[in-house]
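Open the model in your viewer and keep the selection panel at hand. This tour goes stop by stop.

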Amino acid sequence: VPVTAGAVGHSLFAVLGADISRFVVPPIFSRFCVPASSTERWVVRLAWAGVVGAAAFANMKLRESGELDDFSVLLGAHATSYLFSVRLPLPFYLRLPVACGALALIVHMARFGFHLAAPPALCALCTALMGQQVVQRFCPRLPSWLVFAGGLLLGAAVLPQYVARAAHHLLPIGELTSAWDLMSEVVGKEKLSNMSMELLLITVNIQVPLGYAGIEFLRREQERKNSILHVGEGRLSANQFVRFALVFIFGIALPYLMQRTIMEGVNGYAFGIFARDLQNCLRIDSLFPSDQVLLSAVGESNHTVASYAESFDTVVAQSYSIIERNLFSIPKIALLPGMLWRKPWLVISVLPISIALDAGKSQLIGMLSQRIEDYRQEIQELVDKRQRVEQHDTKNEELIRRGMVGSLTKKHWSDLAWKISDLDLRSGALSSVRSFIEWLYWQDFMIPGFECALGFLLEVGHITNVDVFLYIRVIEDSINLLLTRSRLQAELASMETHMKRVNELQESLSKVHARGRAQCQLDPSG
């Protein structure tokens with residue numbers, strides 16, 4: 001049987017469409033790629049990955065049968081694989097009880113409000129680990145278990161409220177909350193929560209391991225780039241460099257490319273299903289609820305069903321993209337504490353200066369973005385209006401011809417075309433200026449500043465030459481996380497515009513639904 005591109009595509013689609021590929025494979029991939037410690041052997045990682053995969057399969061089947069409505073089996077198995085593999089900084093006789101207690105807490109969190117309990121627990125763990133490192137350096141006589149317990153208490157009881165305030169100021173949590181409320185209104189809160197939790201688990205188990213694998217890839221890539229300089233210095237022959245490059249291509253780049261392509265495909269397919277289900281809720285469930293027809297809500301507006309669906313898809317896609325990008329950056333951001341430890345004054349000075357520069361740039365970018373979004377909203381309204389006019393005039397062509405109003409119709413079409421063209425040119429010009437400012441700011445200001453910071457880290461031996469590009473990405477991703485709101489002003493402005501449009505539809509649907517329906521009945525008197 002000849003193998004065609006269509007047959008291959010159909011096979012890949014069938015594989016991606018299988019529930020086991022979408023829900024079971026990501027946890028296996030995550031546990032195998034991210035070790036519990038630097039000394040964990042690949043055989044142990046493979047064994048634990050099998051255990052986590054079996055738990056994911058069991059969790060999936062229990063949810064399908066209705067016996068379980070959460071992900072406690074998967075989360076418990078995944079936590080177990082790390083809790084019983086890492087050496088906790090506690091006396092031997094306390095390690096097993098603490099690990100079991102932590103496991104019970106994780107399972108309890110998964111079943112009763114995981115999303116509420118996870119941030120304080122994560123804050124407590126990070127505080128305990130960082131506090132232990134600091135105390136061991138300055139007060140080595142204090143017992144490690146006491147410092148660890150104190151860090152857990154401080155991180156769980158005191159820091160979360162301050163971290164939450166800083167997060168609301170720096171991150172677009174308000175915008176994401178508004179997007180969540182909008183999606184909940186369209187889909188339903190309980191249904192959206194279940195769908196979102198499943199997608200979040202899939203995304204975390206794909207993006208975080210890919211980011212972790214990317215660390216070693218960036219190191220090896222920088223090592224290859226450095227080797228070409230050794231050829232010019234006479235320390236390496238051209239033939240040796242070619243062999244080195246071939247080892248990089250087939251031993252490093254190709255495996256990383258394959259695993260990223262496959263896992264990003266799984267992630268993209270999972271999000272595609274999520275977005276499709278949400279769009280169907282808007283297009284079908286919202287317009288035809290309970291044997292009712294609410295199409296007049298669209299007919300009385302300035303937009304079409306397609307434009308409302310496109311706006312809703314944009315809100316969903318942009319919200320997800322913000323979360324996905326930051327999850328991929330987490331492994332690299334985790335290297336920042338080491339920089340802070342070796343050169344605290346360096347990081348403390350680089351980050352505030354970068355934030356101050358970015359604040360000025362963001363003000364200008366914000367004004368441009370707002371004006372661009374105003375233009376885009378006007379363009380969308382005019383495009384929808386033109387579509388309606390063209391459909392109406394095409395349908396009534398005979399009346400236009402007999403009424404001798406062809407010149408009037410032509411003028412109407414021409415006016416709409418000129419208005420749309422003018423606004424489109426204005427929007428394009430401002431978008432070009434905005435892109436140039438962002439590129440110039442990044443290439444000529446931020447990158448040289450990062451390189452100055454890395455020079456000091458190279459001097460003290462914290463990093464080597466192969467780590468240069470990696471730590472540029474570390475600083476870049478850290479600043480991107482801290483300045484997510486200002487860096488994404490254009491996207492957030494666009495998302496706000498689309499949310500307003502969908503909110504208009506929801507208000508129109510509520511008004512039409514409140515009108516009720518005419519009740520028809522036979523007159524008994526005949």
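This is a predicted model: local features need pLDDT of at least 70, side-chain atom pairs count only at pLDDT 80 or more; totals for chains, interfaces and linings use all residues.

**Stop 1: helix 9.** Select residues 173-187. Helix 9 has 15 residues, and its end C-alpha atoms lie 20 Å apart. That agrees with the 21 Å it should span, because the estimate is 1.5 Å a residue. Now color A179, L182, M183, S184, V186 and V187: these are buried. What do they pack against? Show helix 10 (189-233), helix 11 (238-285), helix 13 (305-333) and helix 20 (489-515); the buried residues of helix 9 pack against them.

**Stop 2: helix 11.** From first C-alpha to last, the 48 residues of helix 11 reach 65 Å, close to the expected 70 Å. Center on A253. Helix 11 bends there by about 35°. P255 follows within four residues.

**Stop 3: the largest nonpolar core.** This core holds 48 residues. Select M183, F271, F274, L278, F312 and V316, which touch the most other members. Helices supplying at least two residues each include helix 2 (19-33) and helix 12 (296-299). Helix 11 gives the largest share, 12 residues.

Zoom in on F312. Beyond its neighbours within four places in sequence, F312 contacts M183, V186, L278, Q279, L282 and V502. Another core, of 19 residues, lies apart from the largest one; I215, L336, A453 and Y471 are among its members.

**Stop 4: cysteines.** Select C33. It counts as buried because its relative accessibility is 16%, under the 20% cut-off. C281 is buried too, at 3%. How many disulfides does the whole structure hold? The search finds zero.

Notes:
Residues are numbered from 1 along each chain as its sequence is written. Side-chain values use heavy atoms; hydrogens and water are left out. The expected span of a helix is 1.5 Å times one less than its number of residues. Buried means under 20% relative accessible area, exposed over 50%, partly exposed in between (1.4 Å probe, protein chains only). Contact means heavy atoms within 4.5 Å. A disulfide is a pair of cysteine sulfur atoms within 2.5 Å. The bend at a residue is the angle between axes fitted to the seven residues ending there and the seven starting there. A nonpolar core is a set of buried Ala, Val, Leu, Ile, Met, Phe, Trp, Tyr and Cys residues joined through side-chain atoms within 4.5 Å.
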